[in-house]
Amino acid sequence: MISKKLAKAINDQINAEMWSAYLYLSMSQDIYAKGFKGIAHWYKVQFLEEQAHAAIMINYLHSQDEKVILAPIAKVQTEWKTVLKAFEDTLEHEKKVTAMINNLCDIADEDRDRAAANFLAWFVDEQVEEEENARDLIAQCKMIGDNTNGMLMLDKELGIRVYKTPAPLQNAE
Ligand code: MG
């Protein structure tokens, strides 16, 4: 059985994942307004992924017979100076999320809660991927610099991203 402390922390994390979703939807809107529809699409997929993260945590609390308590979602930034700045903020944000996931793992360890540790391992791996993606985007954007053709190529490349239902949600209700 999950501890009250860990259940509360996962409840808080659900809010953080929803806030992430909202942040990425906001980035998507600003980038769309800047004319980069492909990059805006990439962020829209990111928005869907973050909602999925929240859904995975909701399912886990249900499996532990815990009530999910939804808190208000705080406001997000709505404008970024450049696409590069949005990519940089994405990496900074994901680093913070990694720290939050690590904190959940610490609580699971303190509780000697093997099921929770197992459950959280998926998120640990996911964060490695999230940070790597953001780092790659920053590197590509810096290489492109102020080359318009380069930005248009990146826009095209990111526009083909397809949302895939994360493994923990496949076969879930
Ligand atoms: Mg997430």
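Which protein donors does the magnesium ion have, and how many Å from it do they lie? I began there. I found E17 (OE), E50 (OE) and H53 (ND1), lying 2.1 to 2.2 Å from the ion. I counted as donors N, O and S atoms within 2.8 Å of the metal (3.2 Å for Na, K and Ca); water is not among the atoms, so sites may look incomplete.

**Ground rules**

I am reading a predicted model, in which local features need pLDDT of at least 70, side-chain atom pairs count only at pLDDT 80 or more, and totals for chains, interfaces and linings use all residues. Residues are numbered from 1 along each chain as its sequence is written, and side-chain values use heavy atoms, with hydrogens and water left out.

**Metal site**

I wrote down the spacing of the magnesium donors along the chain: E-x32-E-x2-H. Then I looked up where two of them sit. E50 and H53 are 3 residues apart in helix α2 (residues 37-63), so about one helical turn separates them. For helices I used DSSP runs (H or I, at least four residues; strands are E, at least two), numbered from the N terminus.

Are E50 and H53 buried or exposed? I read 2% relative accessibility for E50, so E50 counts as buried. H53 has 1%, so H53 counts as buried too. My cut-offs are under 20% relative accessible area for buried, over 50% for exposed, and partly exposed in between (1.4 Å probe, protein chains only).

**Largest pocket**

I turned to the largest pocket next. Its volume is about 180 Å³. A pocket here is an open set of points on a 1 Å grid over the protein atoms alone, where a 1.4 Å probe fits, with protein on both sides within 12 Å along at least five of seven lines; lining residues have an atom within 4 Å of a point. The volume is the space filled by probe spheres set on the points, which are joined across faces, edges and corners.

Which residues line the largest pocket? I listed W42, V45, E49, E129, N133, R161, V162, Y163 and K164. Helix α2 gives the most to this lining, with 3 residues. Both α2 and α4 (114-144) supply at least two. I sorted the lining into 4 nonpolar, 1 polar and 4 charged residues. For that sorting, Ala, Val, Leu, Ile, Met, Phe, Trp, Tyr, Cys and Pro are nonpolar, Asp, Glu, Lys and Arg are charged, and the others, Gly among them, are polar.

Two residues of this lining, W42 and R161, came up again. The charged end of R161 sits over the ring of W42, 4.5 Å from its centre. The test is NZ of Lys or CZ of Arg within 6 Å of the ring centre and within 35 degrees of the ring normal.

**Aromatic pairs**

How many aromatic pairs does the structure hold? I counted 6. Rings of Phe, Tyr and Trp (its six-membered ring) pair if their centres lie within 6.5 Å; planes under 30 degrees apart are stacked, over 60 edge-to-face, and the rest tilted.

Y24 and Y43 form a tilted pair, 5.7 Å centre to centre, with 40 degrees between the planes. Y24 lies in helix α1 (residues 4-33) and Y43 in helix α2, so the pair ties together parts that are 19 residues apart in sequence. Both tyrosines, Y24 and Y43, are buried.

F119 and F123 both lie in helix α4, 4 residues apart, about one turn of the helix. F119 is buried, and F123 is as well.

I also noted a cluster. Ring pairs link Y24, W42, Y43 and F87.

**Loops**

I looked at two residues with positive phi. D65 has a phi of about 60 degrees although it is not a glycine. D65 is in the loop between α2 and α3, and at 67% relative accessibility D65 counts as exposed. R112, also not a glycine, has a positive phi of about 50 degrees. I placed R112 in the loop between α3 and α4. R112 is exposed, with a relative accessible area of 60%.

**Helix α3**

Last, I looked up E92, which is found in helix α3 (residues 83-110). E92 is partly exposed at 40% relative accessible area.
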